[in-house]
Amino acid sequence: MNLLSVSEARERILKHFSPLDSQEVSLENALGRVLFENISASIDLPTFSNSGMDGFAVRAADISQAATLLPVELTVVMDIPAGAAPKQVLGAGEAARIMTGAMLPEGADCIIPLENTDRDGQSSAYLGQPIKIFRTAHIGEYVRTKGQDMSKGQLVLERGRRLEPQDIGLLATLGIVKVKVIRRPRVAILSSGDEIISPDAPLEPGKIRDSNSFMISALITQAGGEVLRLGVAHDILEAIRDLLDQAASYSVDLIITSAGVSVGAFDFVRTAVEKNGQLEFWRVNMRPGKPLSFGSYKDIPFVGLPGNPVSAYVGFEVFVRPALGRLSGLSNVDHPVTRVTLGEPIESDERESYLRASLKHENGQTVAYLASHQGSGNLFSLVLANALLIVPSGVKSLPIGAEVDSWLLGSC
Ligand code: AMP
Ligand code: MG
């Protein structure tokens, strides 16, 4: 059988996913949610020209001859603290003491910082008193002009963007306290295997702890989904079918299983899915992660991730994260790609490979070294890695110094 390539498999999966419906959330709950609406600025920002420094608002023309040895004297006619709206127009030969963020008076066109006057180090200047200015300034100097950051009507946040902390700040500054976002995808996850026991159970000979459903739950949460954990099914057809039925009864948006999709004698997940749904494919030409299946169960999309923890992780990143991105309405579901240079030679087997690597910055380059043993059961090697290197299909080996694409994992 000709195995599906990663890109074919990805395309066949993604065409089953489109954005869910929307809901309104308050700003406090909007972090990480995907915008359902375009946001345009309803006002200019700043909304009024204001001072970028504590100092004096003056007219540039008045001080065009000022110098350290030849200061220009102006009379202080106003005091403008932040929050005040000056009522007076600044005339020729006049200065207004002004604080950072305070509104520029009409007539003034630049700010002279305190330290360029004879008031440096003094907290007060007195109305009616003269001040000495030691330098010239150009029009607009230290002025944060109205509309400098964004102008009224400008599109500032686009539909399909995942909201970052700075976006939340922007919404607040625009006076928006509720936003329309796309509902979080609900995802059911079940593990399977007679050898799998709960992490809080004592280890017994031949048993291993269920790491996958915890790791996959965390990945779903990180990708903005809501997790429904269904526990562990034994390698019995009925046990797996019961848990799949439970998932379907909760009308989740996606069902994920871990393990039981290889060609082993007790790999019943595929059979269980086919009883009440269909499988589109069950193998992909990749490493790790070849035994990966996709289909639907009772009309709910289904992804069967491999049992080996690293394979499950890679399968999630390659196929499930983009699918959740589509459900969440993200405008871009591709991982950002970073080109890196190999710090050691790499052997591959012509399958598209996702290798765990540790990136280091050396002599102005980002250099990749393999992170420990690449066995697909070795979860610690994934913990040690900060990137996945992507070795294209058809490649048998790559020398030191070759460049490859990589996806960064967390921060390096
Ligand atoms: P399988 O797909 O059932 O052949 O499992 C492949 C490998 O993954 C076996 O070594 C399993 O013991 C391991 N495995 C299966 N499920 C889990 C799990 N939930 N957590 C950690 N390892 C698992
Ligand atoms: Mg098994």
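Biologist: How many cavities of 30 Å³ or more does the structure hold?
Modeller: One. Keep in mind that this is a predicted model.

Biologist: How much space lies in the largest cavity?
Modeller: About 40 Å³.

Biologist: And which residues line the largest cavity?
Modeller: The lining consists of Gly32, Arg33, Val34, Arg162, Ile182, Arg183, Arg184, Pro185, Gly224 and Ser328. Sorted by class, that lining has four charged, three polar and three nonpolar residues.

Biologist: How does one find empty space in a model anyway?
Modeller: A probe the size of a water molecule is rolled over the atoms, and this shows where space is left empty.

Biologist: Now the ligand. Which pocket does ligand 1 take up?
Modeller: Ligand 1 takes the space of the second largest pocket. Two elements give two or more residues each to the shell around ligand 1: strand E12 (186-192) and strand E14 (208-209).

Biologist: How many residues surround ligand 1, and which are the closest?
Modeller: There are 17 around ligand 1, and the closest are Glu195, Asp210, Ser211, Gly307 and Asn308.

Biologist: What classes do the residues of that shell divide into?
Modeller: Nine are polar, four are charged and four are nonpolar.

Biologist: How much of ligand 1 does the protein bury?
Modeller: Taken alone, ligand 1 exposes 490 Å², and the protein buries 78% of that.

Terms used
Residues are numbered from 1 along each chain as its sequence is written. Chains are lettered from A and ligands numbered from 1 in the order in which they are written. This is a predicted model: local features need pLDDT of at least 70, side-chain atom pairs count only at pLDDT 80 or more; totals for chains, interfaces and linings use all residues. Side-chain values use heavy atoms; hydrogens and water are left out. A residue is near a molecule or strand if one of its heavy atoms lies within 4 Å of it. Accessible areas come from the Shrake-Rupley method with a 1.4 Å probe; for residues, only the protein chains shown count as cover. On a 1 Å grid over the protein atoms alone, a cavity is a set of points where a 1.4 Å probe fits but cannot get out, and a pocket is an open set with protein on both sides within 12 Å along at least five of seven lines; lining residues have an atom within 4 Å of a point. A molecule sits in a cavity or pocket if more than half of its atoms lie within 2 Å of its grid points. Helices (H or I, at least four residues) and strands (E, at least two) are DSSP runs, numbered from the N terminus. Ala, Val, Leu, Ile, Met, Phe, Trp, Tyr, Cys and Pro count as nonpolar, Asp, Glu, Lys and Arg as charged, and the others, Gly among them, as polar. Grid points are joined across faces, edges and corners, and a volume is the space filled by probe spheres set on the points.
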